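Please examine the chain shown below. The questions that follow take up its confidence, its strands and selected residues.

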Amino acid sequence: QSCEEIMASTLKIDTITTPDGTGNITFSRPIAGDGSNLTGISGGKCLQFLQFPYNANTSSSSTSWVDTPLVIAITPTASTSKLWLTWCINVSGSLNTGMAFRATQNGSAIHVGDASGSLHRVTTQIRSKSYGEYEFETVTDSFLTGAVGSTSTQTFKLQWT
């Protein structure tokens, strides 16, 4: 999918000031959804948009990291590309149990907290409250990666314990 939606719009403004003083901005339509020929924008471009809808149940009682079914691979168009990752998952756990999640990029943990003794380095975590036997929680997180440093396919996974 692409970040672009086709729609009819009217934009009315009095003046456009551009760095070269002409007021001219050139936009060209992306080819094949990769946005590689989008011009006239110096602040960055959304070249690809991927989503991974998943609707199934899974469970784990492991105390070490286990892959969730949430895995996505993207091939950056430039080694300077940064990737915006976001997720929202619904989980439930038994009374007073915790769940920790971490993101990985090509097998290495990313966007995790600093090490502290034997505690897991996590991206986000929840702890079921003591209100009932099973608690339902929504876990969300999003962050911008640093430059990927390569145009090779990057594989992202969400793991949990």
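Predicted model: local features only at pLDDT ≥ 70, side-chain atom pairs only at ≥ 80, totals over all residues.

Residues are numbered from 1 along each chain as its sequence is written, and side-chain values use heavy atoms, with hydrogens and water left out.

Q: What is the mean pLDDT of the chain, and which strand has the highest mean pLDDT among its elements?
A: pLDDT is the predictor's confidence in each residue, from 0 to 100. Its mean over the chain is 75, with 70% of the residues at 70 or more. Among the elements, the lowest mean, 70, belongs to strand 5 (residues 124–127), and the highest, 90, to strand 7 (residues 154–160).

Q: Over which residues does pLDDT stay under 50, and how many contacts beyond four places in sequence does the model have for them?
A: A contact means heavy atoms within 4.5 Å. For residues 1–6, where pLDDT stays under 50, the number of contacts beyond four places in sequence is 10.

Q: How many helices and how many strands does the chain have?
A: Helices (H or I, at least four residues) and strands (E, at least two) are DSSP runs, numbered from the N terminus. Read from that terminus, the order of elements is β-β-β-β-β-β-β. The count is therefore zero helices and seven strands under the DSSP assignment.

Q: What percentage of the residues is buried?
A: Buried means under 20% relative accessible area, exposed means over 50%, and partly exposed lies in between (1.4 Å probe, protein chains only). Of the 161 residues in the chain, the buried share is 27%.

Q: How many residues of strand 3 and of strand 7 are buried?
A: Strand 3 is largely enclosed by the rest of the structure, because seven of its eight residues are buried. Strand 7 is mostly covered, and its buried residues number five of seven.

Q: Which strands pair with strand 7, and in what sense?
A: Two strands pair if DSSP finds at least two bridges between them. Strand 1 meets this with six bridges to strand 7, A73 standing opposite T155. Strand 3 has five bridges to strand 7, and its pairs include A103 with L158 and F101 with W160. The partners are thus strand 1 and strand 3, and the sense is antiparallel.

Q: Which residue is the partner of D67 in a salt bridge, and how far apart are the closest N and O atoms?
A: A salt bridge is a side-chain nitrogen of Lys or Arg within 4 Å of a carboxyl oxygen of Asp or Glu, and the count by this rule is one. The pair ties together parts that are 90 residues apart in sequence, because D67 lies in strand 1 and its partner in strand 7. Both residues are partly exposed, D67 at 38% and K157 at 30% relative accessible area. The partner is K157, and the closest N and O atoms are 3.0 Å apart.

Q: With which residues is L70 in contact, leaving aside its neighbours within four places in sequence?
A: L70 is found in strand 1. Its C-alpha lies 9.2 Å from that of W87, a residue 17 places away in sequence. With neighbours within four places set aside, the contacts of L70 are F52, Y54, I89, F156, K157 and L158.
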